Amino acid sequence: MTHIDDRPPAPDPLGGDPAPGRMAIIGGTGFHLEAGAGTLDVVGDEVITTRWGKARITRTELAGRELLFLDRHRAQTEPGAPRIPPHRVNYRANIAALKQVGVTGILASTAVGSLRAEWGLGSLVLLDQLLDHVDGRPRTFFDDTAVHVDFTRPYCDHLRRQVAGTAHALGIPFHDGGTYICTNGPRFESAAEIRAYGAWGAHVVGMTAVPEVALAREAEISYAGISVVTNPAAGTGEGDLTEEEVMEAMAAAMPQIARLFLEVAKGYRDDPSTPARRATREFGSPRVT
Ligand code: HPA
């Protein structure tokens with residue numbers, strides 16, 4: 001297996017001085033820590049209290065480096081409790097907790113339906129764009145002061161390049177770029193909605209990227225999102241959508257995505273000068289924790 005650590009860091013056109021940083025993985029539907037068994041030492045769980053609520057993170061050690069893990073659907077519940085649906089996740093507590101413990105980069109997985117026939121089950125998509133079609137979710141840390149972060153490129157290019165380089169080195173196929181549309185859920189979409197989203201430019205559809213991606217930007221954390229195609233989007237495949245097929249497809253893709261994430265985490269280099277890590281500078285970097 002090729003380790004990205006063996007190679008010199010890729011030159012970064014955005015400049016800056018790459019430095020080791022602290023990485024967290026946000027696991028979504030069907031993502032579980034056990035997939036890293038053998039390479040990952042679990043140190044323990046910790047509940048972090050933030051201004052926005054509590055979130056549980058798991059501290060692990062990977063190749064002598066700390067790696068944090070947060071299960072987006074379980075960070076606000078007791079172990080063993082039912083998963084929190086996408087519209088009830090406390091995204092602000094989750095991102096603020098990661099910020100509080102010094103996280104500089106996030107790798108996040110999401111399960112998605114595919115609007116492209118050629119992106120079949122189990123395909124990995126390294127996202128580069130986002131359409132926000134949710135309502136009713138608190139979506140900023142800055143309710144009392146006008147802070148407008150740049151969101152032209154919602155995902156951090158510096159981190160995307162590390163993911164892409166690692167996937168190439170490991171021989172893991174992926175689609176480099178894709179537009180995610182986030183819907184409110186918890187229901188799946190109608191066929192007509194999917195046709196409309198396709199016309200808007202969406203490639204995949206899911207329920208959890210919003211407001212997580214924007215909150216990470218407000219918290220000046222680099223964020224890369226990798227989607228796993230778990231089903232054809234509504235009306236584009238045969239038959240109806242079921243939660244079961246989503247879970248099954250995610251479980252099948254799990255070993256590969258876990259291998260990719262852990263390898264990226266091993267070689268992760270922060271670059272504090274990238275746009276994502278300086279997003280609120282002009283506003284005086286107000287507190288989010
Ligand atoms: N729609 C919305 N969210 C999803 C889907 C989908 O088809 N598949 C997995 N998460």
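**Close-up views of a predicted protein model**

**Figure 1. Overall fold.** The protein has five helices and 13 strands (DSSP runs numbered from the N terminus: helices are H or I with at least four residues, strands are E with at least two). The model is predicted: local features need pLDDT of at least 70, side-chain atom pairs count only at pLDDT 80 or more, and totals for chains, interfaces and linings use all residues. Residue numbers start from 1 along each chain as its sequence is written. Along the principal axes, the C-alpha atoms fill a box of roughly 50 × 50 × 40 Å.

Figure 2. Of the 289 residues, 46% count as buried (20 or more other C-beta atoms within 10 Å of the residue's own; exposed means 12 or fewer, partly exposed in between; C-beta atoms are placed from the backbone). Beyond its neighbours within four places in sequence, I106 is in contact with residues including A24, L98, A216 and Y223 (contact: C-beta atoms, placed from the backbone, within 7 Å).

**Figure 3. The ligand shell.** Of the 14 residues around the ligand, A111, G113, V205, G206 and M207 come nearest (near: C-beta atom, placed from the backbone, within 6 Å). Strands β6 (105-114), β11 (204-206) and β12 (222-232) each supply at least two shell residues, and β6 supplies the largest share, three residues.

**Figure 4. Two cis peptide bonds.** G185 and P186 are joined by a cis peptide bond with omega of about -5°; P186 lies in the loop between β10 (179-183) and α3 (191-200). Another cis peptide bond, with omega of about 5°, joins V210 and P211, and P211 is in helix α4 (residues 209-218).

Figure 5. Most residues other than glycine have a negative phi. A63 has a positive phi of about 50° and sits in the loop between β4 (53-62) and β5 (65-71). A63 counts as partly exposed because it has 15 C-beta neighbours inside 10 Å. E220, in the loop between α4 and β12, has a positive phi of about 60°. E220 is buried, with 20 other C-beta atoms within 10 Å.

Technical notes:
Contact = placed C-beta atoms within 7 Å.
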